[in-house]
Amino acid sequence: MSPIAFVYLAGVLFAIGSAAVMMRRDAIVAFMGVELMLNAANLAFVAFARMHSEIDGQVMAFFVMVVAAAEVVVGLALIILLFRARQTVSLDEAKELKG
Amino acid sequence: MVSPFLFWTVAFLTVIPSLALLFARKPTYVAMSMVAVMVGIAVAFIGLSAPFLGLVQIVVYTGAVMMLFLFVLMLVGVGNTESLKESIAGQRWIAVIAAIGLGVIVISATSRAAFGPVGEAVSGEPDVIAHLLFSRYVLAMEVLGALLITAAVGALILTSVPRLLPKRGQEEIMRERLKSGADPVNKPMPGVYARHNALDVPAIGPDGEPLPQSVSRVLQARGQMQDEERYLERVNDVDNSLPKPPAAEGKKEDES
């Protein structure tokens with residue numbers, strides 16, 4: 001079986017993650033959808049690296065992981081700020097940026 | 001080449017738990033199923049001859065990122081489930097159609113592309129990755145380090161709460177209590193020992209009077225406090241029935 005099958009799998013996971021971002025109103029769950037999309041992109045990177053016998057794709061996936069970790073730290077801090085200001089993490093409640 | 005067994009295992013291990021993102025009501029369930037997805041993707045990495053990335057995936061995602069998500073879930077309260085009310089009419093169906101469209105575009109574009117023959121597997125061992133990281137991508141590596149520090153400091157600044165009032169130490173708290181007329185010593189423990197040591201009976205002070213404040217406020221609010229008069233009577237009864245201590249004069253007489 002060709003590693004290209006994993007690219008299809010990554011496409012399915014990416015679509016599920018994007019559906020979660022669009023559907024869910026809980027900020028934390030929507031954020032997990034973003035994480036799933038990043039992971040799907042990583043899976044495609046590694047599958048392509050395997051197909052072309054190159055390591056560069058794996059290095060790119062590593063960089064994506066580091067950026068995702070930084071993004072999670074800042075994003076969760078923002079969610080905590082939102083919860084402190086509104087007592088909820090529902091995305092519908094945040095209608096304005098003013099705290 | 002990749003074994004079909006590996007692919008289908010990974011596919012079931014990732015796609016089915018990831019559906020919890022769409023259908024699970026409680027965010028905690030979503031977080032736990034995301035852990036399963038991350039482990040599945042790590043298995044895929046190791047199967048695609050990227051062992052270093054597979055281990056990093058487990059350490060960073062299941063170990064750090066998802067646990068961070070769980071911490072925040074515990075902070076904001078795990079009990080609240082999302083409301084089903086839609087603020088935009090039909091948002092759910094629009095989102096589903098858009099996501100299916102996105103998946104169809106990605107998959108059809110991949111199926112139309114012409115790929116060359118699959119090459120030999122080059123295993124992404126840690127030393128191979130490290131050579132690339134510190135030679136060709138060394139600038140990106142440095143920038144990522146700066147980014148991580150910036151993110152950590154930014155999160156600290158975002159979540160820190162400035163102190164508006166001076167800190168209250170033990171001494172200040174004690175002075176405030178005394179000024180408001182509180183008792184400077186500990187409250188007496190409840191119970192009349194030797195006759196009834198339950199928590200629902202007020203203690204009897206040295207003056208023989210019951211001390212109602214010795215019973216827990218919870219029991220008082222529930223109305224479970226025992227009648228203090230009954231026990232007071234019995235204690236007085238004991239006091240009266242005790243034999244009088246032998247008088248000091250009598251002893252002296254015996255000796256002489």
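Buried means under 20% relative accessible area, exposed means over 50%, and partly exposed is what lies in between (1.4 Å probe, protein chains only). Keep that in mind for the views below. This is a predicted model, where local features need pLDDT of at least 70, side-chain atom pairs count only at pLDDT 80 or more, and totals for chains, interfaces and linings use all residues. Residues are numbered from 1 along each chain as its sequence is written, chains are lettered from A and ligands numbered from 1 in the order in which they are written, and side-chain values use heavy atoms, with hydrogens and water left out.

**View 1. A salt bridge links Asp56(A) and Arg136(B).**
A salt bridge here is a side-chain nitrogen of Lys or Arg within 4 Å of a carboxyl oxygen of Asp or Glu. For Arg136(B) and Asp56(A), the closest N and O atoms are 2.3 Å apart. Asp56(A) sits in helix H3 of chain A and Arg136(B) in the loop between helix H6 (126–133) and helix H7 (138–159) of chain B, so this pair joins two chains. Helices (H or I, at least four residues) and strands (E, at least two) are DSSP runs, numbered from the N terminus.

**View 2**
About 7000 Å² is buried between the two chains, and carbon and sulfur atoms give 77% of that. Buried area is the accessible area (1.4 Å probe) that two parts lose on being put together, summed over both. The rule finds one salt bridge across this interface, plus 11 residue pairs in polar contact (both at pLDDT 80 or more). A polar contact is a pair of N or O atoms within 3.5 Å; within protein, one must be able to donate a hydrogen and the other to accept it, and residues adjacent in sequence count only if both atoms are side-chain atoms.

**View 2. Phe6(A) belongs to the largest nonpolar core.**
A nonpolar core is a set of buried Ala, Val, Leu, Ile, Met, Phe, Trp, Tyr and Cys residues joined through side-chain atoms within 4.5 Å. Of the 75 residues in the largest one, Phe6(A), Leu9(A), Met32(A), Leu43(A), Met66(B) and Phe69(B) touch the most other members. Leaving aside neighbours within four places in sequence, Phe6(A) has contacts that include Leu43(A) and Ala47(A), along with Val2(B), Leu6(B) and Phe7(B).

Ser18(A) is buried, with a relative accessible area of 6%. Which residues does Ser18(A) contact, leaving aside its neighbours within four places in sequence? They are Met37(A), Ala99(B) and Leu102(B).

**View 3. Ala27(A) lies in helix H2 of chain A.**
Ala27(A) is buried too, at 8% relative accessible area. Ala27(A) and Ser90(A) are 63 residues apart along the chain, yet their C-alpha atoms are separated by 5.8 Å. Not counting residues up to four places away in sequence, Ala27(A) touches Ile79(A), Val89(A) and Leu91(A).

Arg168(B) is partly exposed at 48%, and Glu176(B) is partly exposed at 40%. Glu171(B) and Arg175(B) are separated by about one helical turn because they are four residues apart in helix H8 (residues 170–179) of chain B. Over all chains, the count comes to three salt bridges.

Note on methods
Contact means heavy atoms within 4.5 Å.
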